[in-house]
Amino acid sequence: MKKILVVDDEPDVAFAIKRNLKKFDDYEVTCVNSGKRCLNLLENNWIPDLILLDIMMPDMNGWEVHKRLQENPKWRDIPIVFLTAITDKSSHITGSVIAEDYIEKPYDPMDLKRRIDNILNKKK
Amino acid sequence: MSDPVFVLDIQDRIVDTNPVALKIFDYTDSGMIGEKFEEIFSNQHDLVECIQDKKETRIETFINIKNERHYFDIQINPLRNNQDSVKGCVISLRDISDLKKAQQELRKFNEELEQKVKERTAEIEKLLRHKDEFINQLGHDLKSPLTPLIGLLPAVEQQEKDPELKELLVVANRNVKYMRDLVVKTLQLEQLNSPNNVFNITEVNLSGAVDDILKNKKLIFEEKVLIVENTVDKEIVVSADKVQLVELFDNLITNAVKFTPKDGAITIDARKDGDFVVVSVADTGIGLTMEQMYRVFDEFYKVDPSRHDLDSSGLGLSICKRIVEKHGGRIWVESLGPGKGATFYFIIPTKY
């Protein structure tokens, strides 16, 4: 079963993502509420198949988390999908370029599943 | 008060003058008559030089009188005898100090005004930036709580077996979706209206872009048994922001689906016209009245306000209009009337 890590500071949002993906039985979804916790998990050699990353988070935002992941050769190849409520168009452009995908909240659950499938199938 | 006048002979001696001149330059009659002009106005080299030529001349210069600078508009006219040979000249000096002062004040006033305009512009730009930041933050904070609602409510509705409860969930679901559309579309329109929003223009294959959208909407077309055709020439390339172009088509096609009854047809076509492409999205739907055609691009306009239409934010076509206009194009709609279908047209450049 593929492992998906959800990084989002809003527990209700993380819960919804987890429930939406659980339905499909293809994924094991783990949620953390900060960039730091995400890095902690990885440092303990828990490597997910894909990270769903929020951008606007306190302390360490999604851009910073992305940068840290890119800097580490062990983590560089984990596909990252930004999942954000940011409206600003320049974020959309930057996010689409540096990550595997950029999805805006509120997302459509079927669309989210389809896009994750696309990335994980491509990787196989 | 009249202007000071001097009459000079051929040797530049003052032969006559008027009381005003005596008064202004503080001379008595006897002190000035017979004197050389250049001696009385010894500091006025420009003026003295002009007088020696004895040609019709006009100069503007200043003369210091009692430690005060006076500006004069000076006219020199030669005096001729019957044989038309020059025998002297007449010099009249018009004091334009007040005019000069007014001009200087006007210049200063203009400079101050310009400075003020600069300051105000900077202030407005700052306020606009604040507004954009506020909208972005508001957008984020409105979308965040909608995310779990949009994500979870449909699942709850699907799983609910009790018909009464299910009915409540259908209503809740419909309104949450409406709320999402309003928030997303309002923010989109706001972004399109912001001067800071710059398009990322690239060459886009039109037919390919339409195909991508049709693929995503296949389920919806099947549900309503609609025949949807993309007859756009595969060679046509436009200069556009791809994200915005997709948004534009998405809105127009969603609109066509909404107003076309079961078993209808939607056709997307395009033809080149010089440096432009005319794109059309035609449907066999309920059509439009004249009034509706005029107002359909207005913000929050809904074709049937009595229907309490929760499928539409009333902003989709306003967004289309802004997108097309920001590409330097134009959008319009044609319909033969109610029940006779509608065709939305837009023109968009092939080169930017």
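Me: A crossing is left-handed if the near helix is turned anticlockwise from the far one by less than a right angle, and right-handed if clockwise. Which is the crossing of α1(A) and α5(B)?

Reply: Left-handed, for α1(A) and α5(B). This is a predicted model: local features need pLDDT of at least 70, side-chain atom pairs 80 or more, while totals for chains, interfaces and linings use all residues. Residues count from 1 along each chain as written, and chains are lettered from A and ligands numbered from 1 in written order.

Me: Why are α1(A) and α5(B) called roughly parallel?

Reply: Helix α1 (residues 11-22) of chain A packs on helix α5 (residues 97-159) of chain B at about 25°, axes 9 Å apart. Roughly parallel takes angles under 35 degrees. The pair is therefore roughly parallel.

Me: What makes the contact?

Reply: C-beta atoms, placed from the backbone, within 7 Å. Phe15(A) and Ile17(A) are among those from α1(A), and Pro148(B) and Leu152(B) among those from α5(B). The contact residues divide into 6 nonpolar, 4 polar and 2 charged.

Me: How do you know that β10(B) pairs with β9(B)?

Reply: Pairing needs at least two DSSP bridges. Strand β9 (residues 265-273) of chain B and β10(B) have 8, running antiparallel. One of them links Lys272(B) to Val277(B).

Me: Which strand also pairs with β10(B), in the antiparallel sense over 8 bridges?

Reply: Strand β12 (residues 342-349) of chain B. There Val281(B) has Phe344(B) as bridge partner.

Me: Which residues of β10(B) lie on its covered face?

Reply: Val277(B), Val279(B), Val281(B) and Asp283(B). Phe276(B), Val278(B), Ser280(B) and Ala282(B) form the uncovered face. In a regular strand, side chains alternate between the two sheet faces.

How values were computed
Axes fitted to C-alpha atoms, helices over the stretch in contact; angles between N-to-C directions. Helix = DSSP H or I, 4+ residues; strand = E, 2+ residues; numbered from the N terminus. Parallel < 35°, antiparallel > 145°, perpendicular 65-115°, else oblique. Contact = placed C-beta atoms within 7 Å. Nonpolar A, V, L, I, M, F, W, Y, C, P; charged D, E, K, R; others polar. Buried ≥ 20, exposed ≤ 12 C-beta atoms within 10 Å, placed from the backbone.
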